[in-house]
Amino acid sequence: MLYYKNMCLTIPKKIVRITNATADLSDGQAADITLLPDLKVGDWVLVGSGVVLSKLEEGEVKAALNLLKGGTDDV
Amino acid sequence: MFSGLQLAAAFAVGPSKLGTCSSSGVHLLLTRYVNNPVSVSQDEVRAALGSFPALMPHLLLIALANGIDDPFAAKVVEAYWIGNRLLDNVDSRRHVQRLIATEAKRHGWKEIDLALMFAKTISCQARPHHSLYALRPFWNSGRQTSFSPDIQDKCNGCRVGWGQVVNISDRKLTVDYQPLVFPKPNCVEFGGKTTIEIDRGFIGDVELNDWVAFHLGLGIDKITKQQQANLRQYTAATLAVINGNS
């Protein structure tokens, strides 16, 4: 099996910059975005093994923001 | 029998040793504590476990939802890693909002990180069991429909595994277990029975046919038949959530 450093899959990270196939993330790390080439700055993503594995759905981000506002409804 | 803090430390040794899910290599400290709890201060161990960004919020959430003061109470730790009825009492939205309000500042966590950590758990009415987060990439597929074998292996090793001992040596155990399989894109299931060799880790006296739990290939503890049933039940519930949302 292959394991890589700092790959906790539970913590979404925000893309702050994209250069070619590499995204700079909100935690200061960088990740390969080859699997999801349509990502853009501001997207929230899950990273494993130095690779962006998935993008959080818009509804999930809205639901999180709603949680912070004290809302009672899911988006 | 492990205390809650010992059990939490035991499960954290694997990721710490591999440098995953923790920014600091605290596995030696944790290992020492699991093997000899009087050799290390509990405060040190609690601080070390606090460096795991997902662990503490989950333990605190389960404790809060059940009116338990200590997030390292044995039942709380067991609920997160193995699964028990405490998970069923997490009324996610209300408790997550309380968690954010009361714990974010105290621990220096970003509120948005906590909200994103739990938002989908709430909307899917899922249980905050460790398996949900070990398999999260498959739950949050976006446009990605298939993952490479090393990612599949990683997720399989990250979730807590269990099996029945079929061979014992000084440092290794061979166990019958069911791996997770990925038969098609966006689908995770239990596979057929196979055997796997694991490091004996923290498992002391053990006999053939005992049930054991392991994490990242490291033996954690013997588990009872009830714990084995719970681990399977809550992992199966995670798979149902993931596959239902694919």
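Which residues of helix 10 (residues 149-158) of chain B are buried? I looked these up before anything else. They are B:Ile151, B:Lys154, B:Cys155, B:Gly157 and B:Cys158. They sit on the same side of helix 10 of chain B, because they cover an arc of only 165° around the axis (the arc is that of the directions from the helix axis to the C-beta atoms). I take "buried" as 20 or more other C-beta atoms within 10 Å of a residue's own, "exposed" as 12 or fewer, and "partly exposed" as in between, with C-beta atoms placed from the backbone.

Ground rules. This is a predicted model, where local features need pLDDT of at least 70, side-chain atom pairs count only at pLDDT 80 or more, and totals for chains, interfaces and linings use all residues. Residues are numbered from 1 along each chain as its sequence is written, while chains are lettered from A and ligands numbered from 1 in the order in which they are written.

Helix 10, partners. I checked what the buried residues of helix 10 of chain B pack against: strand 4 (44-48) and strand 5 (51-55) of chain A, together with helix 8 and helix 9 (136-139) of chain B. Helices here are DSSP runs of H or I with at least four residues, strands are E runs of at least two, and both are numbered from the N terminus. Contact means that the C-beta atoms of two residues, placed from the backbone, lie within 7 Å.

Chain A. I read its elements from the N terminus on as β-β-β-β-β-α, which is five strands and one helix. Of its 75 residues, 40% count as buried. Among contacts in chain A with a separation of 6 or more, 28% come from residues 24 or more positions apart.

Chain B, domains. I have domain 1 (4-134) and domain 2 (146-244), with bounds from an automatic or database domain assignment. Their centres, taken over C-alpha atoms, are 20 Å apart. Across the boundary, 21 residues of domain 1 of chain B are in contact with 21 residues of domain 2 of chain B. On the domain 1 side, helix 1 (4-18) and helix 8 (130-134) of chain B are the elements giving two or more residues, and helix 1 gives the most, seven. By class, I get 14 nonpolar, six polar and one charged on that side. Nonpolar covers Ala, Val, Leu, Ile, Met, Phe, Trp, Tyr, Cys and Pro, charged covers Asp, Glu, Lys and Arg, and polar is the others, Gly among them.

Helix 1 of chain B. I found 13 of its 15 residues buried, so the helix is mostly covered. Its end C-alpha atoms are 22 Å apart, which agrees with the 21 Å that its 15 residues should span at 1.5 Å a residue (1.5 Å times one less than the number of residues). There is a kink of about 35° at B:Ala12, shortly before the proline B:Pro15; the bend is the angle between axes fitted to the seven residues ending there and the seven starting there. B:Gly19 follows the helix, with a positive phi near 80°.

Most residues other than glycine have a negative phi. What about B:Asn209, buried or exposed? It is exposed, with 9 other C-beta atoms within 10 Å, and its phi is positive, about 80°. B:Leu216 also has a positive phi, of about 55°, but B:Leu216 counts as buried, with 24 C-beta neighbours inside 10 Å.
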